[in-house]
Amino acid sequence: MKTEILYEDKAIAVIYKPAGLATQTARTGEPDAVSELKNHLYRANQSAVGSCGLSAPYLGVIHRLDQPVEGLLVFAKNGKAAAALSGQLQKQKEGSFSKRYYAVLCGQPAERTGKLIHKLYRDNAGRAVILEETSEAGDCFGARRAVLRYEILETCEELALADIRIETGRFHQIRAQMAYAGTPILGDRKYGNEESEETARRYHIWSTALCAYRLEFVHPVTGEKMSFRIKPRGGAFSFFSQL
């Protein structure tokens, strides 16, 4: 398995997904985290009760990470747990379900802390398109409000290490919003520009320097506050002493 299971019980599984592996894909023959976990669960069930009459294991996808992004994910192993976790995710602004990200930015924002608010929609080419919050054009495209907060933790030459918390879970939100703000994520070929691509080549970074490093939620069965944290494994993060 490319994924690493960090925690598992009868209701949930928390994993580390490496950069380059899709969370879930419809492409035949392409590996993804969901398929790996389902295979793991099937083998575990087979070992416990034998193969007679085994059906495909249940695995509820609560949230996703973009294929180029590394980090933490939680999955539900039954429908009740999935409903509870999805409910927390929908109310993540209230704090019961929290995700935090480290990002290496090309360039440094004018302010060390900030809040970005835009309207965002997904176009036919599979890209997140940003509109200003005040734009009226978003109604034509079904754009939805996208909000994130960032804090610059450290700088290194033209790079900056940002701690990012999203208040809304939109498609490619962090990558698109940071690029629109003029500080694209290092190694992000989809939303970067010529300058950021040249910077990535100079530092020999070939993957998107974004990591979902912290995940917190309430256990759907026990009610216990669960908290997980990892250290990014991407090479771009080695430039910073705080990690």
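This dialogue explains how to read several features of a predicted model.

Student: Where is H63 placed, and is H63 buried or exposed?

Tutor: Strands are DSSP runs of E with at least two residues, helices are runs of H or I with at least four, and both are numbered from the N terminus. H63 sits in the loop between strand 3 (60–61) and strand 4 (70–76). Buried means under 20% relative accessible area, exposed over 50%, and partly exposed in between, with a 1.4 Å probe and protein chains only. H63 is buried, because its relative accessible area is 6%.

Student: Which residues are in contact with H63?

Tutor: Contact means heavy atoms within 4.5 Å. Leaving aside neighbours within four places in sequence, the contacts of H63 include T23, V74, F97 and L215.

Student: Where is T23 found?

Tutor: T23 belongs to the loop between strand 2 (12–17) and helix 1 (33–49). T23 is buried, because its relative accessible area is 3%. A polar atom of its side chain lies 2.8 Å from the backbone oxygen of L65. Beyond four places in sequence, T23 touches H63, R64 and L65, among others.

Student: How many disulfides does the structure hold?

Tutor: A disulfide is a covalent bond between the sulfur atoms of two cysteines; here the criterion is a pair of cysteine sulfur atoms within 2.5 Å. The structure holds zero disulfides. For C106, the nearest cysteine sulfur, that of C156, is 12 Å away. For C211, the nearest is that of C106, 17 Å away.

Student: Which residues lie nearest the centre of the largest pocket?

Tutor: On a 1 Å grid over the protein atoms alone, a pocket is an open set of points where a 1.4 Å probe fits, with protein on both sides within 12 Å along at least five of seven lines; lining residues have an atom within 4 Å of a point. The largest pocket is lined by 44 residues, and R64, L65, D66, F171 and H172 lie nearest its centre. Helix 2 (79–90), strand 5 (98–106) and helix 4 (173–180) each supply at least two lining residues.

Methods. Residues numbered from 1 in each chain as written. Predicted model: local features only at pLDDT ≥ 70, side-chain atom pairs only at ≥ 80, totals over all residues. Heavy atoms only, no water. Polar contact = N/O pair within 3.5 Å; in protein donor to acceptor, adjacent residues only side chain to side chain.
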